[in-house]
Amino acid sequence: MQEKEILQNLREKFSELYGDGDVALYFAPGRVNLIGEHTDYNGGHVFPCALTLGTYAAVRKRTDDKIRMASLNMNDAAIEEMTLGDYTNKAEGSWTNYPRGVIWAMSEKNFTIPTGFEVLYYGNIPAGSGLSSSASLEVLTALFIKDQYGFDAVEQLDLAFLGQTAESDFVGMKCGIMDQFASAMGKENAAMFLETDTMKFDYLPLKLDAAKIVITNSMVKHELASSEYNTRRSECESAVQDLQAKYDIKTLGELSPEQFEEGKELIADETKRKRAKHAVYENDRTIRAVEALKQNDIATFGKLMNESHVSLRDDYAVSCPEIDDLTSWAWEIDGVVGSRITGGGFGGCTVSIIKEAAVDTYKETAEKKYQEKYGKKPEFYVVDPGAGAHRISQ
Ligand code: ADP
Ligand code: MG
């Protein structure tokens, strides 16, 4: 569906649910991370771009203390109602935890909404596929609350922090800042090189030399991801503690691969050593990949993407057979510059950079082999970097 149709549908459904009247419309994108995976909560670098796929909201303030939320993607758009001030009551497993978490996170910063609102969401990112539908939902919610209630002190980058706080402290997924950052700060045709420990970042035009970004959805949902994700995070924290016997560091992102090699024996547990190795080398790869892109050397960029995958598969252990097959098949095809798992892992999507002339061959090959081996079809999205969260003028 085109944006125009999406918005028209959203308005119609909003009127059916909540009654006629003015509504305000907003959008926040999902993201794809090109390289720098599981580095954000390790104080390292990431290189994502926002997508043109994302989540939309139609919103109207109410005069009473009721908050009414519905999503066209969930339970036939059944309305979930809550009362102002009641937002610390978590409804376990409910999608409303994401927006509720944002309302809570904002109130913790004294951006407490004085009256309720009604909202209808619709997202066209496949949920649970590693393209961060959750971050887009959070950033979107923070944005419309800021805008509707006139919280001018909330800056665009704050939307990312508020979203992360919601996901990490309310939903319980101890995520880094990358997803929400990309959703809030995205820019058309540019990727973002972010240093997560300082939050310094640069926009880089994505000149891919007649190549496309192709996302392949394995259709494997990353359902167990949150507990495994939190485990990886604590394994890395524990490795840092071991390394502190030698290095004055707070995060793995502060170490070069050489320093890691000199100190790695301090990490007694072999699994934790592998996790730390990934975090350190992936950070270094990300810096080198961006350097290569600046030199228009996309071949090196692609090679580093492939190495990133191998490291995520073998050392960080966040891949799965379906995704490993998709990447291996891709690597064999002429014109595939690079291919790797993207997002938190345990399913979800691969991201590949593929020469335009080879995109069809890639899709046909991947679809055929995947169908044969797994009896289902992958989905493909050829994407361009899109803009960050914004209000849609009507
Ligand atoms: P990802 O962020 O990779 O898409 P997550 O598991 O982190 O996967 O987030 C997916 C969850 O976010 C969904 O299960 C749902 O609870 C919530 N969500 C995302 N998009 C929407 C939407 N449009 N409407 C309602 N809930 C949504
Ligand atoms: Mg998510």
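Student: Which residues line the largest cavity?
Tutor: This is a predicted model: local features need pLDDT of at least 70, side-chain atom pairs count only at pLDDT 80 or more, totals for chains, interfaces and linings use all residues, and side-chain values use heavy atoms, without hydrogens or water. Residues are numbered from 1 along each chain as its sequence is written, while chains are lettered from A and ligands numbered from 1 in the order written. A cavity is a set of points on a 1 Å grid over the protein atoms alone where a 1.4 Å probe fits but cannot get out, and its lining residues have an atom within 4 Å of a point. Around the largest cavity these are Y87, I103, M106, S107, F111, T112, I113 and I145.

Student: How much space lies in the largest cavity?
Tutor: The structure holds 1 cavity of 30 Å³ or more. Its volume is the space filled by probe spheres set on the grid points. The value is about 40 Å³.

Student: Which element gives the most to the lining of the largest cavity?
Tutor: By class, this lining has 6 nonpolar, 2 polar and no charged residues. Helices here are DSSP runs (H or I, at least four residues), and strands are E runs of at least two. With 3 residues, the element that gives the most is α2.

Student: What volume does the largest pocket have?
Tutor: A pocket is an open set of points with protein on both sides within 12 Å along at least five of seven lines. Here 47 residues line the largest one, and Y98, G128, S133, S134 and H222 lie nearest its centre. The lining divides into 17 nonpolar, 21 polar and 9 charged residues. The volume is about 1,300 Å³.

Student: What percentage of the area of ligand 1 does the protein bury?
Tutor: Start with oxygen atoms of ligand 1: a backbone N or O atom of G128 lies 2.9 Å from one, and a backbone N or O atom of G130 lies 3.0 Å from one. An N or O atom in the side chain of S134 is also 3.0 Å from an oxygen atom of the ligand. Taken alone, ligand 1 exposes 560 Å² (Shrake-Rupley method, 1.4 Å probe). The protein buries 84%.

Student: Which element gives the most to the lining of the second largest pocket?
Tutor: This pocket has a volume of about 270 Å³. Among its 15 lining residues, E3, F27, T52, L53 and Y56 are the closest to its centre. The most, 3 residues, comes from β2.

How values were computed: A polar contact is a pair of N or O atoms within 3.5 Å; within protein, one must be able to donate a hydrogen and the other to accept it, and residues adjacent in sequence count only if both atoms are side-chain atoms. Ala, Val, Leu, Ile, Met, Phe, Trp, Tyr, Cys and Pro count as nonpolar, Asp, Glu, Lys and Arg as charged, and the others, Gly among them, as polar.
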